Amino acid sequence: GGGKNFPHPALRQREGPLGGGGTSPHLHRRARVIGLARGLLPAFALLALVASGKAAAAGSSSLPTHPKVANDKEAQRSKPRAFAPHRHGMAPRSTLMLQQQLKDLSKRPPDYFSAGLADEANLYEWDVCLTGPPETLYEGGIFNCKLIFPETYPDRPPKMKFVTPIWHPNVYPNGDVCISILHEPGEDQTNPQESAAMRWNPIHTVETIVISVISMLSDPTDESPANLDAAKEFREDFPAFKKKVARCVARSLDG
């Protein structure tokens, strides 16, 4: 703090063998070293106590279990789990974050999409069902998607794939979504028009990712397209593009 630093009692002058109030330089230096060591002992003891407490906490932590995974301890022990392994007794950060997001989405279901685990024992694979945004070509459509997270989430982005066929410049023919926020973080010299700020950021969640994909449906772009044929048709023959999208929307409703 900003207060004065009072010397340790052992550092104060004391009477020495030379008489009077003086001390020998040698004894004075020795007294300073001894006093300083004694003064630091409580600090070292406190640090050791904190460290031991942290180690105990780390050793005793366990992976929280979603209620749907197991109803009791016996079921939890007998049921195989696909969660990432613990490291030093700690659940991976990705596991904790995805569990919290699942809980939040269950409490407050968002508009225009639903999301949940494809397998109750695997937090890294999600099923997403989104509706085409109003006042767009995709309005009224119901599109099923997969969202696959790596164990390195949130440092690395997930992959998103449309299971329901869709005609869109920014979705590959196999359904893989191509948007900036799902691209690996950092600069890409092969794509200079896409800055690092436009790419993956660890702040993204299931909700922000799906909202970005819904926004992509509202605003297709033919720059660096994933589906070259869809991008060309979007740019050169919009009426034909519109008809193909309408067919995709109608088929999505057939289940």
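Modeller: A residue is called buried when its relative accessible area is under 20%, exposed when over 50%, and partly exposed in between, with a 1.4 Å probe and protein chains only. By that criterion, buried residues make up 32% of the 255 residues in the chain. The model is a predicted one, in which local features need pLDDT of at least 70 and side-chain atom pairs count only at pLDDT 80 or more, whereas totals for chains, interfaces and linings use all residues. Residues are numbered from 1 along each chain as its sequence is written, and side-chain values use heavy atoms, with hydrogens and water left out.

Helices (H or I, at least four residues) and strands (E, at least two) are DSSP runs numbered from the N terminus; the chain has six helices and four strands, in the order α-α-α-β-β-β-β-α-α-α. Helix 3, residues 93-107, has 15 residues and reaches 21 Å from its first C-alpha to its last, close to the 21 Å expected at 1.5 Å a residue, where the expected span is 1.5 Å times one less than the number of residues.

The buried residues of helix 3 are Ser-94, Thr-95, Leu-98, Gln-99, Gln-101, Leu-102 and Leu-105. Seen down the axis of helix 3, these buried residues fall within an arc of 165 degrees (taken from the directions from the helix axis to the C-beta atoms), so they line one face of the helix. An α-helix has 3.6 residues a turn, so residues three or four places apart point the same way. The buried residues of helix 3 pack against strand 1 (113-119), strand 2 (122-131) and helix 4 (206-218), a contact meaning heavy atoms within 4.5 Å.
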